[in-house]
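I opened this entry to record what I looked up in the structure. The notes follow in the order in which I took them.

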Amino acid sequence: MTLLPMKRTPRPGVIINSPHGDDVYKGVPKVFYLEACESGSIFEGLPEGLNIYATTAANAEESSWGTYCPGEYPSPPPEYETCLGDLYSVAWMEDSDIHNLRTETLHQQYELVKERTMNGNSIYGSHVMQYGDIGLSKDHLFLYLGTNPANDNFTFVDKNSLVPPTKAVNQRDADLIHFWDKFRKAPEGSPRKAAAEKQVLEAMSHRMHIDDSMKLVGKLLFGIEKGQEVLSSVRPAGLPLVDDWDCLKTLVRTFETHCGSLSQYGMKHMRSFANFCNAGIQKEQMAEASAQACVSIPASSWSSLHRGFSA
């Protein structure tokens with residue numbers, strides 16, 4: 001989510017410049033709340049001085065976490081067979097609901113959200129990060145979010161009054177939670193149960209296909225010993241994920257053309273594609289390796305490209 005100070009917004013309701021047009025937002029502070037797995041990778045290397053302040057659900061190497069999921073406490077209503085939110089997004093939105101945003105600053109909220117999203121441990125939580133012009137975090141939240149008059153008399157307390165959930169679900173597994181809950185609730189022997197079982201098995205099969213294909217592509221491009229090293233290497237903090245973003249898009253699309261859609265689960269391999277680009281791999285090399293790794297594309301909705309490429 002992108003937030004702009006309401007009184008200084010040149011085009012209310014429009015947050016993107018026109019292609020090839022003037023930068024109408026030059027000099028206007030911009031605040032980003034980004035919820036995604038490895039979301040910190042988007043802002044690594046972001047220089048100061050751009051009037052941008054960003055917070056992310058996770059650092060550059062870890063998953064974010066779903067919450068209000070079936071089987072948790074608190075749990076969603078029984079008719080909802082899915083996680084209703086992400087620890088990070090739930091934390092900052094629920095914080096905004098109960099506080100006086102005229103007195104709470106971006107930094108104060110960041111600290112509370114960071115603590116709550118860690119969830120008291122490193123097993124069911126992620127590390128909320130901040131990037132860019134940290135000085136903007138001194139601004140009061142109402143400049144970007146407005147405020148609820150009902151909270152105007154609230155005295156800010158530098159402590160979390162909202163209790164974290166008992167546990168959370170790795171966002172990569174949120175779809176499996178959904179399908180498993182459907183399978184669990186369906187009557188024995190019913191078509192619904194058979195359909196739900198098929199969805200679980202297809203999802204698991206797709207995951208294996210993507211993981212195995214990426215490992216093989218790495219070996220074909222860099223050799224058996226170095227392949228895994230390139231796939232999993234992480235750049236030092238402060239460096240951007242990739243030097244050439246067009247290359248990243250090209251290699252992802254080339255792989256998906258031969259191996260099928262990455263889907264949400266397969267997005268965890270995006271760093272590997274970035275590493276390929278940083279190592280100088282070209283489109284032709286990726287096409288040859290992908291064609292060898294994937295003789296055919298699995299005939300399931302997970303591998304279909306009808307929704308478009310992942311990048």
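I looked up what covers the buried residues of H10 and found that the cover includes helix H1 (40-43), H6, H7, H8, helix H9 (263-266) and H11. I took contact as heavy atoms within 4.5 Å, and buried as under 20% relative accessible area with a 1.4 Å probe, protein chains only. Helices (H or I, at least four residues) and strands (E, at least two) are DSSP runs numbered from the N terminus.

The model is predicted: local features need pLDDT of at least 70, side-chain atom pairs count only at pLDDT 80 or more, and totals for chains, interfaces and linings use all residues. Residues are numbered from 1 along each chain as its sequence is written, and side-chain values use heavy atoms, with hydrogens and water left out.

I then noted that eight of the nine residues of H10 are buried, so this helix is largely enclosed by the rest of the structure. Among the buried ones are Arg271, Phe273 and Phe276. Just after H10, glycine 280 has a positive phi of about 90°.

**Nonpolar core**

I defined a nonpolar core as a set of buried Ala, Val, Leu, Ile, Met, Phe, Trp, Tyr and Cys residues joined through side-chain atoms within 4.5 Å. The largest one has 26 residues, and Phe255, Phe273 and Phe276 have the most contacts inside it. H6 (191-222), H7 (224-232), H8 (245-259), H10 (270-278) and H11 (283-293) each give two or more residues to this core. Its largest share, six residues, comes from H8.

Notes
Buried means under 20% relative accessible area, exposed over 50%, partly exposed in between (1.4 Å probe, protein chains only).
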